[in-house]
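Try each one before reading its solution.

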Amino acid sequence: MLNEIANFLSSQVSNSNAAAHEAEVGSGHVLVAPESLYACCKALKESDEFDMNVLEVVSGVDYSDRIEVNYMIASFTKGSELILKVKLPKESADAVPEVDSVVSIWKSANFLERECYDMNGVRFRNHPDPRRILTPDDWEGYPLRKDYKTQKEWHGMEIDPEHKVNSADHNFFKKVVEEMQGDEKKVAYSWKGEE
Amino acid sequence: MSGITPDISNYASKDTMIHQEELTFGKWCRNIWDAVSTCFKGLMITGRYIVAVKPVTIEYPEVREELPTNSRSRLFNDVDNCISCLQCAAACPVDCIYITAVRRDKEAPKLKTDDGTPIKLDLRQYTIDTALCCYCGLCTTVCPTQCLTHTTDYEYAQYTLSEMKYDYLAEDIRAWKHRIVK
Amino acid sequence: MSSIDGKETGNFGQPVSEKIKSDLLTLNMGPQHPATHGVLRVEIKTDSEIVAEAIPHLGYLHRCFEKHAENLDYRGIVPFTDRMDYLGAMAMEWGYCLTVEKMLGTEIPRRAQYIRTICAELQRIASHFVYAGTYGIDLGAFSLFLYLMEEREKILRLFEEMSGARMLYNYIWLGGVWNDITDDQLKRISKFVDELQENMKTYHSLFGENKILIERLANVGVITEETAYQYGATGPVLRGSGIKWDLRKDRPYGIYDELDFDVCVGEGLKGTVGDCWDRYHVRIKEVDESIKIIRQCLDGIEEGPIMGKVPKVLKVPEGEIYMRTECPRGELGYHLVSDGGKTPYRLKVKSSCFTHVSMLPDLAPGQMVADLVATIGSIDIVLGEVDR
């Protein structure tokens, strides 16, 4: 199935570089070049053979050097499903890679791509409404990046304020260590004080 | 009124524009008959409930419901049987269990739990922040000596968050043992 | 028509003129609106009573479950999946457990499979009851809510005895289920579904057959086949539009391939195919199908273990998987990326409610505000799952 789709995409879209990756455990995927994503999706949607009429979800995965965007595409008429993957290189940690939007092919991509932008920081070109969706519009950073740090303050509201942290119980460990004349090996603990 | 009446066709997409059939006098009468008869049917069902069906609710403060025996409610740790293995704290997905224990002196008298497991650590702190607890029950299933259990106690609302923090080494909470442990 | 100073006026005393061009009125529906089933805020631009534009604003219940999952071990994620769709928690757990079990290659004992199916179908019934009951309240019919809550309470009581909790069960575990089900409980489930089948007819005649309700729902909020595909609708919303697609039938998981049941689709009995009444009727018919499935499971349940072999320290092999299951509200998909460690590298949830909400801007224009309430109610969203 994956090989057929990869061959189909290679023949239909000239610069797609489509390659099927079968998996030993779990599900395999078809990897395409980011520039050809829109054309590939359009070809899959319009082909009679595959008839991929539903975009299920857009899932971004952050790695240190790239962001992979997975498009879970399914056909409810043929009963098939496919993971279409693009790898977007990330120059620096804060870089926001870009890829073409597929809203004009599947309308469900509107919210799904907005979520991917909000959570993973992938900008979708030609998106009709490129706003954040789950976090506030003026939120900083992209929460599902691996190096994400929560901002300290938002509109005068402190995030994770000190007084809300259960410091008495957190620091009990230090107290006990002092009692044992600083011998940490003698103390078993579930919390060491800092998170 | 023509100037104020909004024109639906400005906004309606093609899908949502449904042509209503023309209303004749016969249909009008039929609609009324349908509405009255189906509502009457519904009222008959409601009426039956008034007369024939016993109330299903209970009057809470006077009548208290007994929860099923494996109901997951307030946590209780029997600290005398705890061997401070820290497994509950490791299993807890919200990290609301705080345990600190120190190694027992070799000269000190040997202690054992009720099921015979030797106690090698002295428990110094066993606190559960019940306000954080999500009552998933993962901590009780990993407990090797079955000392940490969910009780069926369900009335323990408090005014402040700090009151929801239970120190199971405290005397007053130890005293629950005879009251609520299954 | 009345008149002021000799000028003709409208109903509210305003002068009638062909030239009046009024601005659209912006109306905030929610986040505390009772008809939005949670904390959904819909910004509506209305032209008198007609909705010109509806923009959903999400995120009021956002907890970033996906980020949490990256820091938890595989067993610890199960209680969090409950909290996404808190009305269909069993189905949520099952979907997650299936995903991880498929990566691990665990074989699930037959008895556990049966118990899981029974739980998931009872949960489907309970979830559809909350839908129909609260939908009645949205439309001004209160009595159905009380009857359905009474039935749901019986299901929750059964669940409480099995798992220990009423809504957030953590009952389906990786490899099997937590507790075994006793013969007494099986008998009570059997008795419950027998009674329910009789009662369902009563409830349907009380609510669904009511002329006033039909007038409210028929031909309202029509989702055509094309729109349903375009927006990736799944579950009862998709089937309400007349498309026969059910993962339990088309991509069977668990033991669904051994069970005999029908896929209910909307037929347009009271109006157009894909209107609000069709979606209501699909769900009511699904309750009957669920009863059928539960009966077969009760007949076929086997003795045996309830937990498969799962290592104590769970490490999922490297790779990725996308697994879909049929939940009460639609398809639930988990995209799990593992790097071979104790925690998932990435866990993405495909929530059906999220895609259904994205349909609103397309459905709303041209509707009355009161019909918009009916439309939002009919797609049956749970905000815990929308925002995750």
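**Exercise 1.** What distance separates the centres of domain 1 of chain B and domain 2 of chain B, taken over C-alpha atoms?

*Solution.* A word on the model first: it is predicted, so local features need pLDDT of at least 70 and side-chain atom pairs count only at pLDDT 80 or more, while totals for chains, interfaces and linings use all residues. Residues are numbered from 1 along each chain as its sequence is written, and chains are lettered from A in the order in which they are written. Now locate the domains: domain 1 of chain B spans 22–56 and domain 2 spans 75–180, with bounds from an automatic or database domain assignment. Their centres are 58 Å apart.

**Exercise 2.** Find which residues touch the most other members of the largest nonpolar core.

*Solution.* Start with the term: such a core joins buried Ala, Val, Leu, Ile, Met, Phe, Trp, Tyr and Cys residues through C-beta atoms within 7 Å, buried meaning 20 or more other C-beta atoms within 10 Å of the residue's own, with C-beta atoms placed from the backbone. The largest core has 162 residues, and A:Cys40, A:Ile73, C:Met90 and C:Val100 touch the most other members. Its top contributor is helix H4 (residues 110–139) of chain C, with 14 residues; helices are DSSP runs of H or I, at least four residues, and strands are runs of E, at least two, numbered from the N terminus. A separate core of 26 residues includes B:Cys88 and B:Tyr168.

**Exercise 3.** Work out which element gives the most to the side of chain C that touches chain A.

*Solution.* Count the contact (C-beta atoms, placed from the backbone, within 7 Å): 30 residues come from chain C and 26 residues from chain A. S8(C) gives the most to chain C's side, with four residues.

Conventions. A residue is buried if 20 or more other C-beta atoms lie within 10 Å of its own, exposed if 12 or fewer, and partly exposed in between; C-beta atoms are placed from the backbone. Two residues are in contact if their C-beta atoms, placed from the backbone, lie within 7 Å.
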